[in-house]
Amino acid sequence: MKVISNLLKLLLKVNKGFISNAKYQIQDLSARRFSSSKCVKMNTCRTEKSLAVARLMRPDDANTAGNVHGGTILKMIEEAGHVVTTRNFNTTKKLKDGDDFEPGMCALVRVERTDFLKPMFLTELAELNAEIIYTSPHSFEVEVMVWAENIFTGTKRLTNKAILWYVPLSVREKNKVLDVPSLEQLDPEKTEAGRLRYERQKHERANHVGRKITPFRMMSVSDEHMSDIEKHCVLYSQVTLVHLVGPSDCEHGVLRGGVVMKLMDECAGVVAAKHCRTNIVTASMDATNFHNQVRKGSLITVSGQVTFTSAKSMEIEVIVDAEFLIGGQAQKERAVSSFFTYVSLDANWRPQNVPPLKLSNEEENQRFELGKQRYELRKKQRLDAKVKLVGIDLRN
């Protein structure tokens, strides 16, 4: 009883902190209400370029083993980026243009490669710090750091570091991109580094638009029963999720990027679990470009399949197609696509061997070889990052 009493006291203390933090978040979100009288009354007209939020991880945020879903973390990261950019854009533009300013909503257009450095668990406190680090004439670059805190011991660890790009869109005129207020950057080196990152991602996005993505050969109802399909082959673990985009998924009628990434991770997680039949966790998500806006009332199809396996990891490609059901054409458009890397864990939470992927045709062989190239590139990028961090070349 004493242990339970102490636990309740601790949770009460944490909840008090949440109430205070919730008030802060409500003030931040209220800045997106564009009435000048409300803005003055609530004293939220600020141009801060950073934001800090926190949330306790609940049972519906984690899998049966207690690992917080990668999609849950990705969604929180995107929400933090959305709030800090939308708030900065509107408050800065209002100070500059007065009551004649045109309000905007910042939409996610790209997420750079995101690694899951450490796991996050049920009952831990997720703390996110989002900061605008660069602006171009029509986009924001945001860095989001995610920390996991054990509320019983007070220890913290860095779990994620993400870079996201947002574009401000008019809330009055559909598909109108607005100008971004320049960010005060005193350090010329940081400004130049930001410009180089902007040019690189712009180039990669342009190349990605023209890249042909071969649709999956998904298994249909008329195919043979699952028991007749060989285990660990591509078809055996393929997954398709269908989701109707509702009001709670959207901001001003547009599907939020965080909701899409959460669905993509859920799809990839099911694929990984079917392939391994073990506890699996997200290791990384490759750089992801959002091709087209998805509006409220659309039907999105999220499809995933294993494309490559190494000794202790598997690559899963996920594509999202959208079909607007109300008054739209009866055709699907590619909304977003990405590659997720998953690892399989044993009973001691250590990575274990992944069953090799069995290939059955030339298309699967080609996908496997491309996946192997991406796997080698990721290994090189991780090693280069370690070299940069410690200043020692570990490749010699």
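Me: Leaving aside neighbours within four places in sequence, what is I316 in contact with?
Reply: In this predicted model, I316 touches A268, V271, A272, Q305, V306, T307, S338, F339, F340 and Y342, where contact means heavy atoms within 4.5 Å. Residues are numbered from 1 along each chain as its sequence is written, and side-chain values use heavy atoms, with hydrogens and water left out. Local features need pLDDT of at least 70 and side-chain atom pairs count only at pLDDT 80 or more, while totals for chains, interfaces and linings use all residues.

Me: How many residues are in the largest nonpolar core?
Reply: That core has 66 residues, and L128 and I316 have the most contacts inside it. A nonpolar core is a set of buried Ala, Val, Leu, Ile, Met, Phe, Trp, Tyr and Cys residues joined through side-chain atoms within 4.5 Å. Buried is under 20% relative accessible area, exposed over 50%, partly exposed in between (1.4 Å probe, protein chains only).

Me: Switching to rings. How many aromatic pairs?
Reply: The count is 5, with ring centres of Phe, Tyr and Trp (its six-membered ring) within 6.5 Å; planes under 30 degrees apart are stacked, over 60 edge-to-face and the rest tilted. Y134 and Y198 form a tilted pair, 6.4 Å centre to centre with 40 degrees between the planes.

Me: Is Y134 buried or exposed?
Reply: Y134 counts as buried, at 12% relative accessibility. Y198 is buried too, at 16%.

Me: Which residues form a cluster?
Reply: Y134, W165 and Y198 form one aromatic cluster.
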